[in-house]
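Let us take a walk through this structure together, one contact at a time.

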Amino acid sequence: MTRELFRLDPRTTLLVVAVLNVVMFSAGFAGGAGWARLVFMAIPAVLAAGLGRWIAAIGYLTAVCAAYVLELWALDSSLGGAGVIVAGVAGLVSRLAPGVFMAYVAVISVRVSELMAGLEALRLPRFVVIPAAVVLRLLPTVREESRGVQAAMGVRGLSLGRVGPLPWLEYRIIPLIVSTVRCGEELSQAALTRGLGRHGQANRIARIGLRPADVLALAAMAAGIGVWVAG
Amino acid sequence: MPDSAVRLDAVTFSYGAAAGDSLSDLELDLRPGEFVALTGPSGSGKTTLTRLINGLIPHYYEGVLSGKVLVNGVDPSSHALWRLPVGSVFQNPRAQFFTTDTTSEIAFGAENLGLEAAEILRRVDAAIESMGLEELRDRSVFALSGGEKQRVACASVAAVRPPIYVLDEPSANLDLESTQQLRAIMATWKASGATVVVAEHRLGYLRDLVDRVLIFADGRLRQELGGTDFRRLDEGQLRRLGLRCAWGRPLAVASQAPDRGYLEVSGLRCGYRRVGGSGLATPRRRDVVGIDQLRIPKGAVTALVGANGAGKTTFAAWLGGLRRDRRGTLSDGGRVWKRSERRRRVFLVSQDVNHQLFTEAVSTEIELALRLASPDSGLPAPDAAAIMNQLDISDLAGRHPLSLSAGQKQRVVVAAALASGREVVVLDEPTAGLDLGHMTAVAKALRDLADGGRTVVVATHDADLVAACADNIVRLDHGSLAN
């Protein structure tokens, strides 16, 4: 499977998320900083495309590049106050979107078993590992439940126009929360009966570790930071 | 080995503030290797007993516990949960997986115990082999059917090799074939000498396995039957004990459809992605519901039957106008209902009723549906009180819908369907996991809908439900009509 080649070790994934966000919010355009941002903007797009999410990758890349160019143009233009506003909004998009998209890549590529294995290998405490695993596990469930609620609202004719915004929001959110919480509860019961509460080292069979994709991702990050520092 | 696998002495438990059904004054002694079924209506306390055995009481549900519990000779309250020698399988196949791929899931329990990696892999392989799960290796758990999920859950528990297995309504969401596969797995556990405790409403598939049947009511053990005595019971006796027809009845209709005309489905082609199936790591196979012509009698209850994955849910969604497929029409006396019209005239009750209850009280739920009712149905518009009366939920009027039992929720949604004034009501598995009393109540509600002039289509595995209310049976097999 070629897609396997684009899956990073969970620890690498978390490192990319962290470094990417730091770069996005501390680099401007001066010197190599603009280039560094472009490199980091590209990383999640390449990963997503490699994982088969071509449409998402192209959509993201188009949006984030447009925001980047717009920010650059608005800063250079003589628009005055309007230019500052445009640059501010475009800058926010071009800096937030890569982090959000990288988080999406993490969610679609990291398996819960690998995340637990990776975080436990880092000797992180259980109160970090388990909630992180639970969040990752519940995200697809939240999406499933959300679709169910949406369909049910359609069946009942509970549209925004007919019931008004506040009730609409209530009908949209409350059943979602209730069913997600219920699912989380059942999940934790099942996990507890299967030894999740035990203290002490668990041996995980999920295969984690540096693979070619990790090396490339780390090299890309090093290159990005390199051009920033050198410039 | 201790003389008793499970021993309860004068055990009384109540959940206190948490929701749940209490147990009073229970004496119980299960021998090692015994296969025991717990049954009785919802709320009778059988789930509570499973929790006393697997340690969720008192480790997860604190409540008020008195008396003495011994599981394999140890008191669960003085041992950490992970030390208890019990493997648990739960009702909801969607919500018992901690990881997202099957192999990791099967390994999960053994991993947590801190076994060596090589030993874990050996046990995973052994569990996969003994249960015939080779095709389910390394799959995403989200792409499995309900039956496949339950088999993976069983393998995951078996990889720990506990001497005691506890299952809480494991077959509630399964079709006949998956239930048989589950039965085969339990039979291997029994043969290996393990103690197996199963809480169930439908005992038919366990008939040859049980050594003892414990019947609960109102938190008490009401009756105890040996396996041989249990197998001798006939349908009438089972019913008097409040049990579902145990011996797997053939599908048969309750009555003949009245002649009130037909809704006609024709030329339907509806692609769907079937979850489950064997082979590929990520199933991409597209299945198609193809129905050239089908007549659905108006003012009657039509049961839509067929195995999991046969396309029942897809067909139901299409009827309700939830799908955009353009090939196929639903018509009434030659007049075609376009998709937007199907959405207005058809009320779809989907499998998970928790998604379909929106307000904070049963009565407001009905009032909301009345307020949004389609004005053009030509059916008489009843008021909320009459509807609640008809469905026997008047005494629940002030309750929060999500605090009700599964069978009560089903009836509230059916009441909303009635209030919506729509002519057609389509339900997807409304009686999964319901006991005899609740199943009968839902069947009566559907019967009433049809007798009141509505057209009812119910996708179901439940032969008891079909026998109790259907006028007409339509069987789907791999997306096509079967005879």
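What follows is a tour of strands, rings, charges and surface features in a predicted model.

Strand β1 (residues 6-14) of chain B runs antiparallel to strand β4 (residues 64-71) of chain B, and seven bridges join the two. Val6(B) is a handy residue for seeing both pairings. In β4(B), the residue opposite Val6(B) is Val71(B), while in β2(B) the residue opposite Val6(B) is Leu30(B).

Side chains of opposite charge can pair when their charged atoms come close. Arg7(B) and Asp29(B) form a salt bridge, with 3.1 Å from N to O. Because Arg7(B) lies in strand β1 of chain B and Asp29(B) in strand β2 of chain B, this contact ties together parts that are 22 residues apart in sequence.

The C-alpha atoms of Leu23(B) and Arg220(B) are separated by 6.0 Å, although the two residues are 197 residues apart along the chain. Arg220(B) belongs to strand β9 (residues 220-226) of chain B. With a relative accessibility of 37%, Arg220(B) counts as partly exposed.

Next comes helix α1 (residues 46-54) of chain B, which is mostly covered, with eight of its nine residues buried. Among the buried residues of α1(B) are Leu49(B), Leu52(B) and Ile53(B), but also Lys46(B) and Arg51(B). Just after this helix, Gly55(B) adopts a positive phi of about 90 degrees.

Aromatic rings make the next stop. The count comes to 10 aromatic pairs over all chains. One of them brings together Tyr165(B) and Trp189(B): their ring centres are 3.7 Å apart and their planes lie at 5 degrees, so the pair is stacked. Since Tyr165(B) is in strand β6 (residues 164-168) of chain B and Trp189(B) is in helix α6 (residues 176-191) of chain B, the pair ties together parts that are 24 residues apart in sequence. Both Tyr165(B) and Trp189(B) are buried. Elsewhere in chain B, ring pairs link Phe13(B), Tyr15(B), Tyr60(B) and Tyr61(B) into a cluster.

Rings also meet charges here. Within chain B, Arg295(B) lies over the face of Tyr262(B), at 4.8 Å from the ring centre. Another example has its two partners in chains A and B: the charged end of Arg198(A) sits over the ring of Trp82(B), 5.3 Å from the centre of that ring.

How many salt bridges are there over all chains? The count comes to 32. In chain A, Glu120(A) forms a salt bridge with Arg204(A), and their closest N and O atoms are 2.9 Å apart. Glu120(A) is in helix α6 (residues 112-121) of chain A and Arg204(A) is in the loop between α9 and α10 (212-230) of chain A, so the pair links distant parts of the chain, 84 residues apart. Why do both partners count as buried? The cut-off is under 20% relative accessible area; Glu120(A) is buried because its value is 18%, and Arg204(A) because its value is 14%.

Back in chain B, Lys298(B) and Asp332(B) meet in a salt bridge of 2.9 Å, N to O. This pair links the loop between β11 (286-297) and β12 (301-305) of chain B, where Lys298(B) is found, with strand β13 (residues 329-332) of chain B, where Asp332(B) is found; the two residues are 34 apart. Lys298(B) counts as partly exposed, at 25% relative accessibility. Salt bridges with shared partners also join Arg31(B), Glu34(B), Arg212(B) and Glu224(B) into one network.

The tour ends on the surface of chain A. Leu169(A), Ile173(A), Ile174(A), Ile177(A) and Val181(A) form a nonpolar patch there, with about 400 Å² of accessible area together. Val181(A) is found in helix α9 (residues 165-193) of chain A, and with 47% relative accessibility Val181(A) counts as partly exposed. An α-helix has 3.6 residues a turn, so residues three or four places apart point the same way.

Definitions and conventions. Residues numbered from 1 in each chain as written. Chains lettered and ligands numbered in written order. Predicted model: local features only at pLDDT ≥ 70, side-chain atom pairs only at ≥ 80, totals over all residues. Heavy atoms only, no water. Patch = residues over 30% accessible without salt bridge, like charges linked within 9 Å, V, L, I, M, F, W, Y side chains within 5 Å. Areas by Shrake-Rupley, 256 points an atom, 1.4 Å probe, with all protein chains shown as cover. Salt bridge = Lys/Arg side-chain N within 4 Å of Asp/Glu carboxyl O. Helix = DSSP H or I, 4+ residues; strand = E, 2+ residues; numbered from the N terminus. Buried < 20%, exposed > 50% of the residue type's maximum accessible area, 1.4 Å probe, protein only. Phe/Tyr/Trp six-rings, centres within 6.5 Å; stacked < 30°, edge-to-face > 60°. Lys NZ or Arg CZ within 6 Å of the ring centre and 35° of its normal. Pairing = 2+ DSSP bridges.
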